[in-house]
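Please look at the sequence and the model before reading on.

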Amino acid sequence: MKSKSAFFRYEFLNCLKIFGIVILIVAALNIFSIIFFSTHKEVGNFNGYGFMSFVFMFVLGILATRNYIRLGSQFGFSRRTAFFSSILCYLLVSTVVAVSGILLQLLMGNANSSINYADLYQSVYRDSLQTMQLSAAQNLTSGLLNLLLAFSCSIYGVFFAILFWIISRKFLAIAIAAVVLLINLSGSLLVRYQVGVILLHWITASPVNLMLLFLIPAAVCGVISWFLLRHVAIKGSSK
Amino acid sequence: MKMQIEVHDITKRFGKSTALDHVSITFSGNKIYGLLGNNGAGKSTLLNLMTDRLRPTEGTITVDGQPVPNNDAALSKLFCVTDQNLFPDDMKVRKAFEVAKLFHPEFDRNVADSLAQKFELNEKKKVNALSTGYGSIFRLIIGLSINTPCVIFDEPVLGLDARHRDLFYQLLIQKYADHPCMLIISTHLIEEISNLIEHSVILYHGTVLKDCPTEELMAAAYSVSGPIQLVDSYLSGKHVLTQKVLGGLKTACVHGKPANRLPAGLELANVNLQDYFISLIEEEESK
C-alpha cells in the first residue's frame, strides 16, 4: 500500500529544502547590510524579502508542479492527489515563508543598523522610513498578507506550468506573446484612464484589498489549472 | 480475488488520427501477458490509458471494478515502466530508490540494490545523467523490485545490449516465480519474449487482432515447406496466411490444424510466435 501522506511529506520537505537555500541567501544579504551599513549615517530601507518570496513561490509553482504530477503518476497517485497535495504543500510553504518574514522583521528591527527593515505591509500601509516596531496585530496582518500573496503567486506558477504543458509549441509562443501583451495593455490602460490611481487608492486603503486582488485571480487560475490538468498527457521530461 | 483490469470499448483519438478504436480487453489473474504489435499499433497508448497518463476519448478502464481516472486505490495496484522518465531530472538513482520505498513500502530496496550491482548501475548518478540504456535499466530495476499486483513493462529492453536484455528476462522470470503477479509486457521484439508470455494480445492499427492464450495462438497455425509444386497443390482450399519462396522451395504458414499425414516430400513444423505474428499482420495488410 502506498501512502498519500508520504507523498505529501516528500513534496513539502522538498519545497522546504529549496526555501532553505533562499532564506540563507536573504539572511546573508541582511547580515551583509548590517555589517556594511552599521557605520553609515544615512538611513535607508530594505523590503526585498516579501518580493523575493513571492518570486520564489511563483517559480516553485512553475518548476515543482509538473515534477510532482509526473512522480505521482509513476507511483500510482492520481492527478487529483498530486495536484491538491501540491496546492496544500504550497500553502504550508507560504505559511513558513510568512512566519520567516515576521521573524526576520523582528530580528532586523532589533539589529544595530541604519537600514530600516520594512516588509511589504510596512512599506505600503505604514511609514517604512520610520523606525518602528509593529504591534502583534500588525505583525499578524503582515504575516497573513505575505502568506496569501506568496500562496497566490504559487498558484499562478501552477497555472502557467499546466497551461504550457497542455498547449502545443505553436500555441505556446502565442500564449507567451498574449501574456506579455495583456500585461502591457492593462498597464497602459491603467495609466491612461487613471484606473491605476483608483486601484492604487483602493489597494492602499486596506491590506484586505491587496489580499483580494491577488487571491481572486489565483482562485480562478487554480480552478482553470485543475480543469486543464484533467486533459494533460503526462509525459516524461527527459530520457 | 484475482486481479482484473478491464478495458471496455476504449477509443483514443489524437486530432484526426485514431490510435485505438473501440478496444476491449480483459487482463485477469497472475499471468504474463504479451501486448504485441507493430510500431504505432497503439500499445503504448493503451498502457498510458490504463495508468491514467492519458485520458480516453471514449470508453472506460477499471482495475478490480474501480474506474482508473482520479482513483488512487485503482492506480496503486499498477506500476508502469516506460521509456519515459517521470522522475525529477536532478534526482539521484539512490534517492529514487528511497522515494520508491517511501511511496510503496512493499518496494524491496535490497533487491533494487543487488540488481543495481548486477547491471552495474551507479546509484550516485543523477537520473538525467544516465545514458539511454542505463536510463532504461534504472526504471527496469524499480519495476523488478516493486511488488504491486500488476507491473507493466512498455518496450522494456529498448536501448539495452544483448547481455543486459538476457539478464532482464532471467530476472523477470525470477520475479514472477518469487512474487507471482500480473505482468504485462509490451514489445515489438516478439521472438525474445515468446517463451515467456502466457497470454498474447495482438494489436493492429488500434484494434485487437488476437486475444488468447499463447499456446492456443501457436496451435492455430502450422508451417509447411517443400518443393513449390507440391506445396501449391497442398495449399489449395486451405487458409494460407503467408508464403515465401526460396530457390525451388516454398514455405507457407497455414491457418488451422494439419492433417494427420502430409503428402510425401512436404515437411511440417510448428510456427513460432514471431512468424505467426508476421503472417497475421501480412494477411491483414493484404486485405
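Two residues are in contact if their C-beta atoms, placed from the backbone, lie within 7 Å. The model is predicted.

**Two domains in chain B**

By this cut-off, nine residues of domain 1 of chain B are in contact with seven residues of domain 2 of chain B. On the side of domain 1 of chain B that touches domain 2 of chain B, the elements giving two or more residues are α7 (190-193), β9 (199-204) and β10 (207-213) of chain B. That side consists of five nonpolar, two polar and two charged residues. The domain assignment of chain B places domain 1 at 4-213 and domain 2 at 220-286. Between the C-alpha centres of the two domains of chain B there are 35 Å.

**Chain A against chain B**

How many residues does each chain bring to the contact? Chain A brings 27 residues and chain B brings 25 residues. On the side of chain A that touches chain B, α1 (4-37), α2 (48-74) and α3 (79-109) of chain A are the elements that give two or more residues. The most comes from α2(A), with five residues.

The table sets out the kinds of residue on two of the touching sides.

| Side | Nonpolar | Polar | Charged |
|---|---|---|---|
| Domain 1 of chain B, touching domain 2 of chain B | five residues | two residues | two residues |

**A sheet and a helix in chain B**

Strands of a sheet pair through backbone hydrogen bonds, either parallel or antiparallel. In chain B, four strands make an open sheet with the order β2-β1-β4-β5, and the pairing is antiparallel. Its edge strands, β2 (17-28) and β5 (66-67) of chain B, each pair on one side only. Two bridges join β4 (residues 58-63) of chain B to β5(B) in the antiparallel sense. Opposite B:Thr62 stands B:Pro67 in β5(B).

Helix α1 (residues 43-50) of chain B packs on the sheet and touches β1 (4-14), β2 and β4 of chain B. The direction of α1(B) makes about 120° with that of β1(B).

**The buried side of a helix**

Which residues of helix α3 (residues 93-103) of chain B are buried? They are B:Val93, B:Ala96, B:Phe97, B:Val99, B:Ala100 and B:Phe103. These residues lie on the same side of α3(B) because they cover an arc of only 160° around the axis. An α-helix has 3.6 residues a turn, so residues three or four places apart point the same way.

Definitions and conventions
Residues are numbered from 1 along each chain as its sequence is written. Chains are lettered from A and ligands numbered from 1 in the order in which they are written. This is a predicted model: local features need pLDDT of at least 70, side-chain atom pairs count only at pLDDT 80 or more; totals for chains, interfaces and linings use all residues. A residue is buried if 20 or more other C-beta atoms lie within 10 Å of its own, exposed if 12 or fewer, and partly exposed in between; C-beta atoms are placed from the backbone. The arc is that of the directions from the helix axis to the C-beta atoms. Two strands pair if DSSP finds at least two bridges between them. Axes are lines fitted to C-alpha atoms, for helices over the stretch in contact, and angles run from 0 to 180 degrees between N-to-C directions. Domain bounds come from an automatic or database domain assignment. Ala, Val, Leu, Ile, Met, Phe, Trp, Tyr, Cys and Pro count as nonpolar, Asp, Glu, Lys and Arg as charged, and the others, Gly among them, as polar.
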